[in-house]
Amino acid sequence: GYLQALFENSDGFGKLSETTANMVSGIFNNIDYDTVSASMLDANGNLSKDKMVSWVDGLADNLANVDIQEQFDELFTLNSKKDKMTYSEYKRQSERLIEFISGKVPQLSES
């Protein structure tokens with residue numbers, strides 16, 4: 001879609017690891033109304049191209065941080081190792097990584 005095309009053509013996209021780029025690209029297929037309404041609508045409730053571009057550019061710029069990309073890589077690796085962990089250990093580690101990422105990348109925040 002449009003947001004993913006903006007993301008893939010942003011200046012920050014070229015700085016992303018393949019894992020980070022792939023994981024985040026999947027988000028665009030599942031973006032929810034709360035995110036759109038909070039970040040991409042103008043005062044009249046209409047989609048704003050400028051706000052959409054700003055949101056995507058902010059996402060790409062924040063994700064260009066090497067520490068965040070390392071956390072995405074760790075989260076991806078963790079998922080492949082979950083069969084060798086207890087559920088509580090997997091949950092603890094994944095929640096820690098998700099909390100770190102969402103704290104540094106407001107566009108991916110749970111709130």
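Q: Leaving aside its neighbours within four places in sequence, what is serine 17 in contact with?
A: This is a predicted model. In it, serine 17 is in contact with Gln69 and Asp73, once neighbours within four places in sequence are left aside.

Q: Where does serine 17 lie?
A: Serine 17 lies in the loop between H1 and H2.

Q: And how far apart are serine 17 and glutamate 70, in sequence and in space?
A: In sequence they are 53 residues apart. In space, their C-alpha atoms are 8.8 Å apart.

Q: Let me step back. How many helices and strands are there in the protein chain?
A: The protein chain has six helices and zero strands. Read along the sequence, that gives the pattern α-α-α-α-α-α.

Q: What does the C-alpha trace span?
A: Along its principal axes, the C-alpha trace of the protein chain spans about 50 × 25 × 20 Å.

Q: What percentage of the residues count as buried?
A: Of the 111 residues in the protein chain, 34% count as buried.

Q: What share of the contacts comes from residues 24 or more positions apart?
A: Taking the contacts in the protein chain with a separation of 6 or more, residues 24 or more positions apart account for 60% of them.

Q: Back to the helices. At what angle do the axes of H2 and H5 cross?
A: The axes of helix H2 (residues 18-27) and helix H5 (residues 66-81) cross at roughly 75 degrees, and they come within 9 Å. That angle makes H2 roughly perpendicular to H5.

Q: Which residues make the contact?
A: From H2, the contact is made by Thr19, Thr20, Met23 and Val24. From H5, it is made by Gln69, Phe72, Asp73, Leu75 and Phe76.

Q: And by class, what does the contact of H2 with H5 have?
A: The contact of H2 with H5 has five nonpolar, three polar and one charged residues.

Q: Staying with H5, where is aspartate 67, and why is it called partly exposed?
A: Aspartate 67 is in helix H5. Its relative accessible area is 44%, so aspartate 67 is partly exposed.

Q: What about threonine 77, where is its place?
A: Threonine 77 is also placed in helix H5. Threonine 77 is partly exposed, at a relative accessible area of 32%. Its C-alpha atom is separated by 20 Å from that of valine 105, which is 28 residues apart along the chain.

Q: Which residues of H4 are buried, and what covers them?
A: The buried residues of H4 are Met52, Trp55, Val56, Gly58, Leu59, Ala60 and Leu63. What covers them includes helix H1 (2-8), H2, helix H3 (33-39) and H5.

Q: Now the rings. How many aromatic pairs does the structure hold?
A: The structure holds three aromatic pairs. In one of them, the rings of phenylalanine 7 and phenylalanine 13 have their centres 5.3 Å apart and their planes at 80 degrees, so the pair is edge-to-face.

Q: Are phenylalanine 7 and phenylalanine 13 buried or partly exposed?
A: Phenylalanine 7 counts as buried, at 0% relative accessibility. Phenylalanine 13 is partly exposed, with a relative accessible area of 24%.

Q: And how do the rings of phenylalanine 7 and phenylalanine 28 pair?
A: Their centres are 5.3 Å apart and their planes are at 50 degrees, so the pair is tilted. Phenylalanine 7 lies in helix H1 and phenylalanine 28 in the loop between H2 and H3, so the pair ties together parts that are 21 residues apart in sequence. Both phenylalanine 7 and phenylalanine 28 are buried.

Q: Which residues form the aromatic cluster?
A: Phe7, Phe13, Phe28 and Trp55 form one aromatic cluster. Trp55 is also one of the buried residues of H4.

Q: Last one. Where is glutamine 4, and what is it in contact with?
A: Glutamine 4 is in helix H1. At 18% relative accessibility, glutamine 4 counts as buried. Leaving aside neighbours within four places in sequence, glutamine 4 is in contact with Ser25, Phe28 and Asn29.

Note on methods: Residues numbered from 1 in each chain as written. Predicted model: local features only at pLDDT ≥ 70, side-chain atom pairs only at ≥ 80, totals over all residues. Heavy atoms only, no water. Axes fitted to C-alpha atoms, helices over the stretch in contact; angles between N-to-C directions. Helix = DSSP H or I, 4+ residues; strand = E, 2+ residues; numbered from the N terminus. Parallel < 35°, antiparallel > 145°, perpendicular 65-115°, else oblique. Contact = heavy atoms within 4.5 Å. Nonpolar A, V, L, I, M, F, W, Y, C, P; charged D, E, K, R; others polar. Buried < 20%, exposed > 50% of the residue type's maximum accessible area, 1.4 Å probe, protein only. Phe/Tyr/Trp six-rings, centres within 6.5 Å; stacked < 30°, edge-to-face > 60°.
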